[in-house]
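Trainee: Could you take me through this model, beginning with the ligand and moving on to the sheet?

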Amino acid sequence: MASTMQLSWVSKSTVPVALSRRVCCQCQPPLWLPWRIGFVTPVPLVRRVSSERVAALRVSCSKETESDVVEGESGGFAETEMSYTCVMKFGGSSVANAERMREVANLILSFPEERPIIVLSAMGKTTNMLLLAGEKAVSCGVTNADSIDELNIIKDLHLRTVEQLGVDRNVIEKHLEELEQLLKGIAMMKELTPRTQDYLVSFGECMSTRIFAAYLNTLGVKARQYDAFEMGIITTDDFTNADILEATYPAVAKRLHSDWVSDPAIPIVTGFLGKARKSCAVTTLGRGGSDLTATTIGKALGLPEIQVWKDVDGVLTCDPNICPQAKPVPYLTFDEAAELAYFGAQVLHPQSMRPARESDIPVRVKNSYNPKAPGTLIAKTRDMSKALLTSIVLKRNVTMLDIVSTRMLGQFGFLAKVFSIFEELGISVDVVATSEVSISLTLDPSKLWSRELIQQELDYVVEELEKIAVVNLLKTRSIISLIGNVQKSSLILEKAFHVLRTLGITVQMISQGASKVNISLVINDSEADQCVRALHKAFFESELSELENECIPRNGSVPALS
Ligand SMILES: Nc1ncnc2c1ncn2[C@@H]1O[C@H](COP(=O)(O)OP(=O)(O)O)[C@@H](O)[C@H]1O
Ligand SMILES: N[C@@H](CC(=O)OP(=O)(O)O)C(=O)O
């Protein structure tokens with residue numbers, strides 16, 4: 001329970017008198033938040049939770065006024081101008097079972113002076129299981145739909161969780177029944193459209209938030225569950241990967257503010273979901289989309305900070321599944337974080353930085369399993385003077401196209417035609433290198449959910465391109481993105497190519513992004529892991545200083561860049 005949680009305490013004597021809402025480039029942030037006081041950089045986001053503090057939050061969420069809530073907790077600062085103070089998003093791993101939900105509740109309660117909006121993902125691997133259940137339902141026959149393994153795993157997990165948390169099972173029973181009916185419907189139709197698939201996966205977030213809100217209420221902390229598609233998150237009709245529309249921001253702000261005014265409670269919001277503007281059906285924002293929900297709500301309300309709580313100590317120098325030695329990156333710019341996410345670092349949703357950047361709201365990535373770890377602070381700017389490389393990101397299983405013009409069209413016509421074909425199909429291009437008569441590029445398949453569709457579309461792309469060019473389609477490639485200070489690109493490339501040469505790896509394409517934070521290298525999939533590990537060792541694990549690294553032997557064998 002919250003009152004017994006043993007965590008370190010930041011002394012009240014360190015509370016500064018001055019109060020400021022905005023984060024400066026990299027240090028230290030809005031000051032009434034407890035982990036920001038004391039000017040230790042960065043201060044652990046933890047504290048001892050006393051029963052009085054928990055009681056304070058209970059009161060704050062039930063009847064007292066806002067200024068009553070914070071008075072005395074942050075150096076006598078009475079805050080009256082807004083109802084909520086931050087968004088806290090907890091991913092699937094943070095709320096994977098009853099025990100985790102208890103710990104997350106404790107974490108939230110350990111900041112009674114905060115009035116957070118909580119965004120939750122589905123419990124653990126529920127989204128993956130819903131997708132698998134849907135796939136199986138297509139071919140299993142109506143009579144077998146209720147015995148799909150994944151359906152039963154989902155039922156067990158959610159029913160066990162409500163039981164262990166002491167929550168009434170009727171908060172999710174209707175959803176579980178409806179889920180079974182839906183799978184029978186899919187089995188009957190023998191098809192799973194992207195629209196139905198989005199509705200299917202929405203059950204994960206709809207249930208996790210209902211359980212968690214009910215649990216907080218049993219603790220005496222007033223919480224209110226929200227389905228994102230009912231609270232103003234409006235999206236395009238691009239099922240499985242919808243984009244948030246502008247109308248979302250005023251709608252969400254209006255709803256959350258008016259609810260707070262009429263009946264204050266901690267909002268517990270479904271991540272990942274939205275409502276399609278045209279069809280009004282439930283949409284999803286792409287895998288990992290709860291991060292985007294959090295930053296969207298942060299922007300809608302103009303909050304001082306957005307927190308995303310994960311199962312790692314922040315954004316790391318590399319995917320820890322590839323490099324167990326990966327280390328947390330303390331500071332990142334929005335540009336770096338966006339590039340890192342776009343090029344495949346699973347830790348953040350690719351679009352999630354956009355709302356935060358647009359409204360200049362810092363995003364803090366924290367570990368719900370290790371709240372003491374400082375985490376990563378993502379803001380508009382940071383001190384780049386010492387920065388070389390921030391992180392290495394690997395995107396596997398990429399398709400590369402080499403397109404050489406047959407010179408039927410002039411150069412302008414050639415480039416325009418090539419890109420119009422991609423536009424027509426809604427396929428994103430990741431990395432591009434061009435010469436006067438040829439283009440090499442990689443395609444981003446993440447916009448497309450079904451594999452068959454990708455193959456069909458690839459065939460169509462090639463067919464269309466072959467009308468004006470000789471096309472070579474190269475599959476099973478990987479993009480290694482070196483995110484960092486591209487002002488030092490010569491040094492980065494020198495070190496990187498030294499590693500590649502030592503390993504005997506040929507780079508098939510290289511591109512420096514216009515954003516100036518990313519250098520992308522395309523290599524064979526089969527060499528990717530080994531290559532990333534060696535690069536990580538050279539850039540992050542070496543004892544050598546940057547100066548020494550500049551002394552990589554120059555024996556003329558560093559490959560040319562073209
Ligand atoms: N550069 C990186 N930094 C941190 N985590 C990364 C990175 N690349 C990949 N990951 C993976 O991302 C996971 C966290 O993202 P995700 O599973 O979406 O979190 P959550 O479900 O909690 O939102 C980590 O467990 C880690 O395995
Ligand atoms: N549950 C969704 C959305 C999400 O954001 O999940 P997570 O925060 O666990 O990555 C998914 O698995 O994609």
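Mentor: This is a predicted model, in which local features need pLDDT of at least 70 and side-chain atom pairs count only at pLDDT 80 or more, while totals for chains, interfaces and linings use all residues. Residues are numbered from 1 along each chain as its sequence is written, ligands are numbered from 1 in the order in which they are written, and side-chain values use heavy atoms, with hydrogens and water left out.

Trainee: How many residues surround ligand 1?

Mentor: A residue is near a molecule if one of its heavy atoms lies within 4 Å of it. The closest are Lys89, Lys310, Asp311, Leu316 and Asn321. The shell divides into 6 nonpolar, 6 polar (Gly among them in this scheme) and 4 charged (Asp, Glu, Lys or Arg). The residues that surround ligand 1 number 16.

Trainee: How much of the area that ligand 1 exposes when taken alone does the protein bury?

Mentor: An oxygen atom of ligand 1 is 2.7 Å from an N or O atom in the side chain of lysine 89, and a polar side-chain atom of asparagine 321 lies 3.0 Å from an oxygen atom of the ligand. Taken alone, ligand 1 exposes 570 Å² (Shrake-Rupley method, 1.4 Å probe), of which the protein buries 88%.

Trainee: Which strands are the edge strands of the open sheet?

Mentor: The open sheet has 8 strands (DSSP runs of E, at least two residues) in the order S3-S5-S2-S1-S8-S10-S11-S9, with mixed pairing (at least two DSSP bridges between two strands). Each edge strand pairs on one side only, and they are S3 (223-226) and S9 (331-333).

Terms used
Helix = DSSP H or I, 4+ residues; strand = E, 2+ residues; numbered from the N terminus. Polar contact = N/O pair within 3.5 Å; in protein donor to acceptor, adjacent residues only side chain to side chain.
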